[in-house]
Amino acid sequence: MKRTFVLMAVASLLIPTAAFSFSLDDIKNIGEPDVFSSQIDSGLSDFTDQLASSIPQAATQQNVWADAWIGKSFPSIPPHFGGGVNMALTHIDTSGLAKAADALGISGIKDSYYFPCFTADLRIGGVFLPFDVDIAVMKTGTLNTDAFGSDLSVDFFTIGADVRYALLKGNLLLPKLSVGAGYFYNQGTFSASESHAEATIDYKVHTLYGQVQLSKSFLIFTPFLGLRGLVSKYDNAYDWKIKDSAIVAAAETANYKVSGSGSSSSDSFDFGGIQPQVFAGVGLNFFFLQATLSVSADLRHISDSGLWSGAFSLRAKL
């Protein structure tokens, strides 16, 4: 299908006159009238729905600490706090975006993609009570992500916070056990384009979650395991357009109506749509530094869309 429109565009460059002589045989692979734009809309709609579960997965992997509880800041000597940077990749299904890109003749978009995410965070121990709080934030410019599986341009903003309460403070024999709750807000853009066409997807996602985490330190290692439950509200939109008007003109000359652009938006919030997650990893402790490796999987979507994340964090902490 995309080859037909590429040929039309090439023809418009090679034939300077306004007359085009394409027959219906030239576009027979397109099918019923305007199925071209229907394929684009269908693919982009599928992808915006996919982001409703993928973005919360990526967000909640940004402030994972190996210790289920870092200790109190007061009264305590030294006070307990720390901060650092997080880098994560989330595997997401981009087959809908690839379907739309194929119709538009945009190359380099694959059926799956590793979405990169970066944040800086700060965690502070509680006062008197055994709790801690964390805030994570990051704003990027436009990034090209060809190295992560698809030739996309992305930008994002994320901010979030959580609080954890220690049910078990941990000691020489007992592990640390905490329960917690958190919130993340994410917004950003995915875009794919070539000289003749482009598609852009904007997302805004609010995520609430509760979690339980268990950890135990051995020598320089702090392995941990946890469970989360997420609910999200999203407000996503997309638009696309054919920038080369000769493609649309050529199709119309062949008595075939083709939309030159399209857009749509969707939003939803559903307390019943809980995303259960499992996360685990290990922290490596070097004096006042801690490097953390972690993975998480969305138990609701891991089988159908392979939704999982991996992250690396480097922090200074007391």
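What follows is a chat about side-chain interactions in this predicted model.

Q: How many salt bridges does the structure hold?
A: The structure holds nine salt bridges. One of them pairs R123 with D134, whose closest N and O atoms are 3.7 Å apart.

Q: OK, what does D132 meet in a salt bridge?
A: The side chain of D132 meets that of R164, with an N to O distance of 2.8 Å. D132 lies in strand β3 and R164 in strand β5 (residues 153-168), so this pair ties together parts that are 32 residues apart in sequence. Both residues, D132 and R164, are buried.

Q: What about E198, which residue is its salt-bridge partner?
A: E198 forms a salt bridge with K243, and the closest N and O atoms are 4.0 Å apart. Because E198 is in strand β7 (residues 197-215) while K243 is in the loop between β8 (221-242) and α4 (245-253), the pair ties together parts that are 45 residues apart in sequence. E198 is partly exposed at a relative accessible area of 21%, and K243 also counts as partly exposed, at 39% relative accessibility.

Q: Switching to Q277: where does it lie, and is it buried or exposed?
A: Q277 lies in strand β10 (residues 275-286), and with a relative accessible area of 1% Q277 is buried.

Q: Which side chains does the side chain of Q277 make polar contacts with?
A: The side chain of Q277 makes a polar contact with the side chain of Q57 at 2.4 Å, and another with the side chain of T60 at 3.3 Å. Leaving aside residues up to four places away in sequence, the residues that Q277 touches include P56, G226, L227, R228 and L230.

Q: Now the rings: how many aromatic pairs are there in the whole structure?
A: A search of the whole structure finds 10 aromatic pairs. In one of them, the rings of Y113 and F190 have centres 6.1 Å apart and planes at 80°, so the pair is edge-to-face. This pair links distant parts of the chain, with Y113 in strand β2 and F190 in strand β6 (residues 176-194), 77 residues apart.

Q: Are Y113 and F190 buried or exposed?
A: Y113 is buried, with a relative accessible area of 0%, and F190 counts as buried at 0% relative accessibility.

Q: And how is the pair of F224 and F279 arranged?
A: F224 and F279 form a tilted aromatic pair, 6.4 Å centre to centre with 50° between the planes. F224 lies in strand β8 and F279 in strand β10, 55 residues apart, and the pair links these distant parts of the chain.

Q: Which charged end sits over the ring of F279?
A: The charged end of R228 sits over the ring of F279, 4.0 Å from its centre. Elsewhere, K216 lies over the face of F218, at 5.3 Å from the ring centre.

Q: Last one: which residues form one aromatic cluster?
A: One aromatic cluster is formed by F47, Y113, F115, F156, F190 and Y203.

Note on methods: Residues numbered from 1 in each chain as written. Predicted model: local features only at pLDDT ≥ 70, side-chain atom pairs only at ≥ 80, totals over all residues. Heavy atoms only, no water. Helix = DSSP H or I, 4+ residues; strand = E, 2+ residues; numbered from the N terminus. Buried < 20%, exposed > 50% of the residue type's maximum accessible area, 1.4 Å probe, protein only. Contact = heavy atoms within 4.5 Å. Polar contact = N/O pair within 3.5 Å; in protein donor to acceptor, adjacent residues only side chain to side chain. Phe/Tyr/Trp six-rings, centres within 6.5 Å; stacked < 30°, edge-to-face > 60°. Lys NZ or Arg CZ within 6 Å of the ring centre and 35° of its normal.
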